[in-house]
Amino acid sequence: MTYTSIFDVIGPNMIGPSSSHTAGAVAIALMARKLFIRPGSADPAGNVDPAGRSIPSGRQIARADFTLYGSFAKTYRGHGTDKALLGGIQGFTPDDIRIRDAFSIADRTGLAYSFTENHENLGYHPNTADILLTGTDGSRQFVRGVSTGGGRMKIIRINNIDVDFTGQYSTLIVRQKDTAGIIAHISRCLSEKNVNIAFMRLYREAKGQTAYTIIESDQAIPPAIIDSINACDDIFETTVIQV
């Protein structure tokens, strides 16, 4: 039996006409931003998280290219999906009134962007968006996300590796070489910081190639854990995303 709460019926606190096409789209893009941005100085745009803390931005986003599929591609202008995606990339949460002015704010701050409609029947979820981010340092990252309803979303691809996580829990994302001992190393680091693992999954490109370990916890994951995990030479990059 599937449980549905009153909040699933009412929908999230949001700007825009659709929890799936607007709030969910913001959530996808905001997660793509969090996966791309690295610790550094305060965000020059003055963006803050829901707690009012400055969002760090050691690596700035210079360009965001969006490809929309299914109903996203058909109705994105009318439902504000384009503003939602562009707003999320700029760090706006689903209830941020700046979403209405996402285009003018991006133009003013020099953020380049494009939107492409893909109407091919590829078997994707109807509310699917691809986001290709390019940094001021030339680095690039691809993220595919799906809006699953009620303002919720899940990320199903990072670069060329299929993944599956929702961001509803505090999440640790480790990009690594697929080799023996890595999972034990990550688990030991979590244990030393008394972090309880709710879900842990490994996704890999191919045996011995690049892999992602994604760990979700029902408690805050201390950012200091990044240094401990990155001490292993076979770890490429570690990201902590708090709820």
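Is Asp96 buried or exposed? Asp96 is buried, with a relative accessible area of 14%. That counts as buried because the cut-off is under 20%. The model is predicted.

**Salt bridges**

- Side chains of opposite charge can pair when their charged atoms come close.
- The structure holds seven salt bridges.

**Asp130 and Arg144**

- A salt bridge joins the side chains of Asp130 and Arg144, at 2.6 Å from N to O.
- Asp130 sits in strand E3 (residues 128-135) and Arg144 in strand E4 (residues 140-149), so this pair ties together parts that are 14 residues apart in sequence.
- Asp130 is buried, with a relative accessible area of 4%. Arg144 is buried too, at 13%.

**Arg204 and Asp178**

- The side chains of Arg204 and Asp178 form another salt bridge, at 2.9 Å from N to O.
- This pair links distant parts of the chain, 26 residues apart. Arg204 is in strand E8 (residues 199-204). Asp178 is in the loop between strand E7 (170-177) and helix H6 (182-192).
- Arg204 is partly exposed, with a relative accessible area of 46%. Asp178 counts as buried, at 15% relative accessibility.

**Nonpolar cores**

- In soluble globular proteins, nonpolar side chains tend to be buried together.
- Which residues touch the most other members of the largest nonpolar core? They are Ile89, Ile131 and Phe165, in a core of 42 residues.
- Helix H2 (residues 19-36) supplies the largest share of this core, with nine residues.
- Phe165 has contacts beyond its neighbours within four places in sequence. Among them are Met31, Leu35, Ile155, Ile158, Ile173 and Ile214. Phe165 is also in contact with Lys154, Thr171 and Glu216.
- Another core, of 15 residues, lies apart from the largest one. Its members include Ile221, Cys232, Ile235 and Val240.

Methods. Residues are numbered from 1 along each chain as its sequence is written. This is a predicted model: local features need pLDDT of at least 70, side-chain atom pairs count only at pLDDT 80 or more; totals for chains, interfaces and linings use all residues. Side-chain values use heavy atoms; hydrogens and water are left out. A salt bridge is a side-chain nitrogen of Lys or Arg within 4 Å of a carboxyl oxygen of Asp or Glu. Buried means under 20% relative accessible area, exposed over 50%, partly exposed in between (1.4 Å probe, protein chains only). Helices (H or I, at least four residues) and strands (E, at least two) are DSSP runs, numbered from the N terminus. A nonpolar core is a set of buried Ala, Val, Leu, Ile, Met, Phe, Trp, Tyr and Cys residues joined through side-chain atoms within 4.5 Å. Contact means heavy atoms within 4.5 Å.
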